[in-house]
Amino acid sequence: QVRLAESGGGLVQAGGSLRLSCEASGHLLSRYDIGWFRQTPGKERECVAGITWSGTAVYYEDSVKDRFTISRDNTKNTAFLQMNGLKPDDTAVYYCAAGLKSFRYGIFWREPAKYAAWGQGTQVTVSS
């Protein structure tokens, strides 16, 4: 089972930027599609971005499109989420998740149940 560890969260003012990293160990990250999720208290976990194992296809939730960029470097076993133009509504715990690569990833990338491994999460707080 791949193990994931997020880093890069923190406190930032509205309009600022953060870059989250998701480092994998135990297995090659290239075997997995990767999703970035976020969650706030009392709400369901929401997938904001996904990327196929090869990096050739990416997907975004509408509220982050044009502000967030998901990427990966399989040679470093690491995935990233670049977040620009941050808003207070982006405040959440952010998680990366890995699911075994699938040609159907574009259909179910938003579904938490399709991911087998999760990191511990990193807090992102955006002040107004």
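Me: How far apart in helix H1 are Tyr105 and Phe108?

Reply: Helices (H or I, at least four residues) and strands (E, at least two) are DSSP runs, numbered from the N terminus. In helix H1, Tyr105 and Phe108 are 3 residues apart, so about one helical turn separates them. This is a predicted model, in which local features need pLDDT of at least 70 and side-chain atom pairs count only at pLDDT 80 or more, while totals for chains, interfaces and linings use all residues. Residues are numbered from 1 along each chain as its sequence is written, and side-chain values use heavy atoms, with hydrogens and water left out.

Me: What kind of aromatic pair do Tyr105 and Phe108 form?

Reply: Rings of Phe, Tyr and Trp (its six-membered ring) pair if their centres lie within 6.5 Å; planes under 30 degrees apart count as stacked, over 60 as edge-to-face and the rest as tilted. The pair of Tyr105 and Phe108 is edge-to-face, with 6.1 Å centre to centre and 90° between the planes. The structure holds 7 aromatic pairs. In another of these, Tyr59 and Tyr105 are also edge-to-face, at 5.9 Å centre to centre and 70° between the planes. That pair links distant parts of the chain, since Tyr59 lies in strand S6 (residues 58-60) and Tyr105 in helix H1 (residues 105-108), 46 residues apart.

Me: Is Tyr105 buried or exposed?

Reply: Buried means under 20% relative accessible area, exposed over 50%, and partly exposed in between (1.4 Å probe, protein chains only). Tyr105 counts as buried because its relative accessibility is 2%. Tyr59, at 23%, is partly exposed.

Me: Which residues have the most contacts inside the largest nonpolar core?

Reply: Nonpolar side chains tend to be buried together in soluble globular proteins. A nonpolar core is a set of buried Ala, Val, Leu, Ile, Met, Phe, Trp, Tyr and Cys residues joined through side-chain atoms within 4.5 Å. Here the largest has 29 residues, and Leu4, Trp36, Leu81, Met83 and Tyr94 have the most contacts inside it. A second, separate core of 8 residues includes Phe108 and Tyr115.

Me: In what order do the 4 strands of the open sheet stand?

Reply: Strands of a sheet pair through backbone hydrogen bonds, either parallel or antiparallel. Two strands count as paired if DSSP finds at least two bridges between them. The order here is S1-S3-S8-S7, with antiparallel pairing. Strand S1 (3-7) and S7 stand at the edges with a single partner strand each, so one side of each is left without a neighbour in the sheet. S1 is joined to S3 by 5 bridges.
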